[in-house]
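Hi everyone, thanks for coming. Please have a look at the sequence and the structure on the screen, and then I'll walk you through them.

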Amino acid sequence: MEDCLFCKIIEGEIPSKTIYEDEIVKVMMDINPISDGHLLVLPKKHNKDLLDLDDETALHIKKIIVEILIPKLKNKLNCEGVTICQNNGLGQEIKHFHVHLIPRYENDNINMNSKENIENLEEIYNKLMD
């Protein structure tokens, strides 16, 4: 896709700090990291979001994350965990499927456990179960 920032990075038109690359994916450091070692995993083929991603690529991405990237983050950066996230639609700044790997450290002040807005939990549950 000609206007896609990630496609331009994959093609080498824009430089990146590449951590891993093979014929299917490119893994690079996020230029706006949430924590030290924040990585982006990009399929080289342009896919808009998770709904557009083929199963073979999705499985390959999982394998790279589990077998190469998480061990590298834990061994090299001594992180205590890794948050994995991926956006579709709202919240997805660049419309090229990508996975965020966010290393977690003691007292990193990243709050993924918000307890706000649970008043309507039952109502939302009922909508999902209808």
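Of the 130 residues in this chain, 35% are buried. Please keep in mind that what you see is a predicted model. If you draw a box along the principal axes, the C-alpha atoms fill roughly 50 × 35 × 25 Å.

Now the fold. The chain has 3 helices and 5 strands, and reading along the sequence gives the pattern α-β-β-β-α-β-β-α.

Next, the charged side chains. Side chains of opposite charge can pair when their charged atoms come close. This model has 4 salt bridges. Which residues are linked in a network of salt bridges? They are Glu 21, Lys 26 and Lys 44.

Lys 26 and Glu 21 meet through their side chains at 3.5 Å, N to O. Lys 26 is buried, because its relative accessible area of 7% is under the 20% cut-off. Glu 21, at 39% relative accessibility, is partly exposed. On to the other pair: Lys 44 also forms a salt bridge with Glu 21, and here the closest N and O atoms are 2.9 Å apart. Glu 21 sits in strand 1, while Lys 44 lies in the loop between strand 3 and helix 2, so this pair ties together parts that are 23 residues apart in sequence. Lys 44 is partly exposed, with a relative accessible area of 26%.

Let's move to helix 3. Glu 123 and Lys 127 form a salt bridge there, at 3.7 Å from N to O. Why are these two separated by about one helical turn? Because they are 4 residues apart in helix 3. Glu 123 is partly exposed at 45%, whereas Lys 127 counts as exposed at 56% relative accessibility.

Helix 3, residues 121-129, is also the place of Leu 128. Is Leu 128 buried or exposed? Leu 128 counts as exposed, because its relative accessibility of 68% is over 50%. Together with Ile 124, Tyr 125 and Met 129, Leu 128 forms a nonpolar surface patch with about 460 Å² of accessible area.

Last stop: the largest pocket, with a volume of about 490 Å³. It is lined by 22 residues, and the closest to its centre are Phe 6, Asp 30, Ile 31, Asn 32 and Leu 40. Helix 1 and strand 2 are the elements that give two or more residues to this lining, with helix 1 giving the largest share, 3 residues. By type, the lining divides into 11 nonpolar, 8 polar and 3 charged residues.

How values were computed: Residues are numbered from 1 along each chain as its sequence is written. This is a predicted model: local features need pLDDT of at least 70, side-chain atom pairs count only at pLDDT 80 or more; totals for chains, interfaces and linings use all residues. Side-chain values use heavy atoms; hydrogens and water are left out. On a 1 Å grid over the protein atoms alone, a cavity is a set of points where a 1.4 Å probe fits but cannot get out, and a pocket is an open set with protein on both sides within 12 Å along at least five of seven lines; lining residues have an atom within 4 Å of a point. Grid points are joined across faces, edges and corners, and a volume is the space filled by probe spheres set on the points. Ala, Val, Leu, Ile, Met, Phe, Trp, Tyr, Cys and Pro count as nonpolar, Asp, Glu, Lys and Arg as charged, and the others, Gly among them, as polar. Patches are made of residues with over 30% relative accessible area and no salt bridge: like charges are joined within 9 Å, nonpolar side chains (Val, Leu, Ile, Met, Phe, Trp, Tyr) within 5 Å. Accessible areas come from the Shrake-Rupley method with a 1.4 Å probe; for residues, only the protein chains shown count as cover. Buried means under 20% relative accessible area, exposed over 50%, partly exposed in between (1.4 Å probe, protein chains only).
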